[in-house]
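Let's take a friendly walk through this protein model, one region at a time.

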Amino acid sequence: MKDILDAILAEGSPAETREKEFARLPVPESYRGVVVRKDEVGLFEGMASRDKDPRRSLHLDEVATPEVGPGEALVAVMASAINYNTVWTSIFEPMSTFGFLERYGKTSPQAKRHDLPYHVVGSDLAGVVLRTGPGVHAWKPGDEVVAHCLSVELERPEGHNDTMLDPEQRIWGFETNFGGLAQLALVKANQLMPKPDHLSWEEAASPGLVNSTAYRQLVSRNGAAMKQGDIVLIWGASGGLGSYATQMALRGGAIPVCVVSSPQKADICRSMGAELVIDRNVEGYQFWKDEHNQDPKEWQRLGKRIRQLTGGEDPDIVFEHPGRETFGASVYVARRGGQIVTCASTSGFMHSYDNRYLWMNLKRIIGSHFANYREAWEANRLIARGLIHPTLSRVYPLDETGQAAHDVHRNVHQGKVGVLCLAPTEGLGVRDQALRDRHLAAINRFRGI
């Protein structure tokens, strides 16, 4: 592994020479990866979700390097990041991910490699291609890349208009093995995208999943198809997903109404350029009277507050991802004919709302899940051109991934939490210093918060 890291850190060679240099590097028989173990699935049995601690279930183990199959690439991972799917994996909710690996393993001999008694997790990476399998022509050893997390087979017709509709689409590092929180990772070649030259490894690794998810959910025709002038209510507007939605709304000429939970988070949104901010804790919104009953008067109070900020207009789009806690309010406050576009459900998957406000006002609920390759590519292009910026706040070493996941689980983080994998320190990997200098304040906006 030291030879691989030395080659990555060496001064840049011409592309042709670099390809030969990396192709000659021996691939280690094993590597260090963050895993959950199948024999620990019952570790948190009987505990409330909040009390389940990822630090107990995420382990840094030495694991065997998988064989690179057709259409695949093996990547040396310099940095990765924490997403909520890693939290779900670590606490075995809503189910153990070993069920995903078992079902995937039954689909083909190649997929059988993923069905193991351990699961290497992680759905983001920035790194360097080490090997490519048969049939890969667009990428070669030595290429600096980031990876999006859609793993798709594309052997069925349903996925050929939109790969997210393929019945064999999975989220890499969550529903597949050999994820990005490791020294090496196995991906399909059509997950790869160019690493933005002006970003460090950890900065480049942090947008992938959430940036692409926000792009499809908000901008794409497969989501809300946001247009100039749209009023967009964004829950958790300073968080991992909402911070990208806020930037996209501002860049796209929309009017974000940012919902946050503290004055500090409100300041973050204003620093991104948002003018309309609601601090739900300061204003005391309680959408649930008790465990079983919501409070429509609180929906009404939120709707009135939004109209005060917007000059009397209701949201054209509600960017929904908390789920159970907020969904009833989201359906209520959307304008007549408006859209509630939803993913994730981090506060609970079982949503309830008053359907009268949906059907009688001709509103629409749109389900959105990650992004197809084109959407992920376009989202990454915005990052690479300095139009959208990483929201990285803190970085941990690989052996403290459990603590990083604990931060996200307890919501004590802002933006994204990064993890150094092979990279020995932060700040490495910048290739375009001039572009970086132009956007340095925005790149560092979330740092240390």
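This is a predicted model: local features need pLDDT of at least 70, side-chain atom pairs count only at pLDDT 80 or more; totals for chains, interfaces and linings use all residues.

You will find A344 in the loop between β15 and α12, the helix of residues 355-359. Its phi angle is near 75 degrees, which is a positive value in a residue other than glycine.

F178 also has a positive phi without being a glycine, and here the value is near 60 degrees. Is F178 buried or exposed? With a relative accessible area of 2%, F178 is buried. Look for F178 in the loop between β8 and β9.

## The open sheet

Now find the open sheet of 6 strands, whose order is β13-β12-β11-β14-β15-β16 and whose pairing is parallel. Which strands stand at the edges? They are β13 (276-279) and β16 (364-367); each has a single partner strand, so one side of each has no neighbour in the sheet. On average, and ignoring direction, neighbouring strands of this sheet are turned by 20 degrees against each other. As background, strands of a sheet pair through backbone hydrogen bonds, either parallel or antiparallel.

Zoom in on one pair: β14 (residues 317-320) and β15 (residues 339-342) run parallel and share 4 bridges. Here E320 sits opposite T342 of β15. Helix α7 (residues 208-219) packs on the sheet, where it touches β11 (231-235), β14 and β15. The direction of α7 makes about 155 degrees with that of β14. Helix α8 (residues 242-251) packs on the sheet too, touching β11, β12 (255-260) and β14, and its direction makes about 165 degrees with that of β11.

## A residue in helix α8

Q247 is part of helix α8. Its relative accessibility is 7%, and because buried means under 20%, Q247 counts as buried. What does Q247 touch, leaving aside its neighbours within four places in sequence? Its contacts are M272, I388, H389 and T391.

## Where α4 meets α14

Next, turn to helix α4 (residues 84-91) and helix α14 (residues 401-409), which pack at an angle of about 105 degrees with their axes 9 Å apart. The two helices, α4 and α14, are therefore roughly perpendicular to each other. From α4, Y84, V87 and I91 meet A405, V408 and H409 of α14. Sorted by class, this contact has 5 nonpolar residues, 1 polar residue and no charged residues.

Apart from its neighbours within four places in sequence, V87 is in contact with A405, V408 and H409. L58 is 29 residues away from V87 along the chain, and the C-alpha atoms of the two are separated by 9.6 Å.

Strand β18 (residues 416-420) is mostly covered, since 5 of its 5 residues are buried. In a regular strand, side chains alternate between the two faces of the sheet. You can follow this along β18: K416, G418 and L420 point one way, while V417 and V419 point the other way.

How does β18 pair with strand β17 (residues 392-397)? The two pair in the parallel sense over 5 bridges, and L392 stands opposite K416 in β18. With strand β3 (residues 72-81), β18 pairs in the antiparallel sense over 3 bridges, and there S80 faces V419. Helix α14 returns here as well: β17, α14 and β18 make a right-handed β-α-β unit.

## An enclosed helix and a cis bond

Finally, look at helix α5 (residues 98-105). In α5, 6 of the 8 residues are buried, so the helix is largely enclosed by the rest of the structure. Which residues are buried in α5? They are F98, G99, F100, L101, Y104 and G105. The buried residues of α5 pack against β1 (30-37), β4 (118-120), β7 (150-152), β8 (169-171) and β9 (184-188).

In the loop between α4 and α5 you can find P94. A cis peptide bond joins E93 and P94, with omega at about -5 degrees.

Terms used
Residues are numbered from 1 along each chain as its sequence is written. Side-chain values use heavy atoms; hydrogens and water are left out. Axes are lines fitted to C-alpha atoms, for helices over the stretch in contact, and angles run from 0 to 180 degrees between N-to-C directions. Angles under 35 degrees count as roughly parallel, over 145 as roughly antiparallel, 65 to 115 as roughly perpendicular and the rest as oblique. Contact means heavy atoms within 4.5 Å. Ala, Val, Leu, Ile, Met, Phe, Trp, Tyr, Cys and Pro count as nonpolar, Asp, Glu, Lys and Arg as charged, and the others, Gly among them, as polar. Buried means under 20% relative accessible area, exposed over 50%, partly exposed in between (1.4 Å probe, protein chains only). Two strands pair if DSSP finds at least two bridges between them. A crossover is right-handed if, with the strands pointing away from the viewer, the path from the first strand over the helix to the second runs clockwise.
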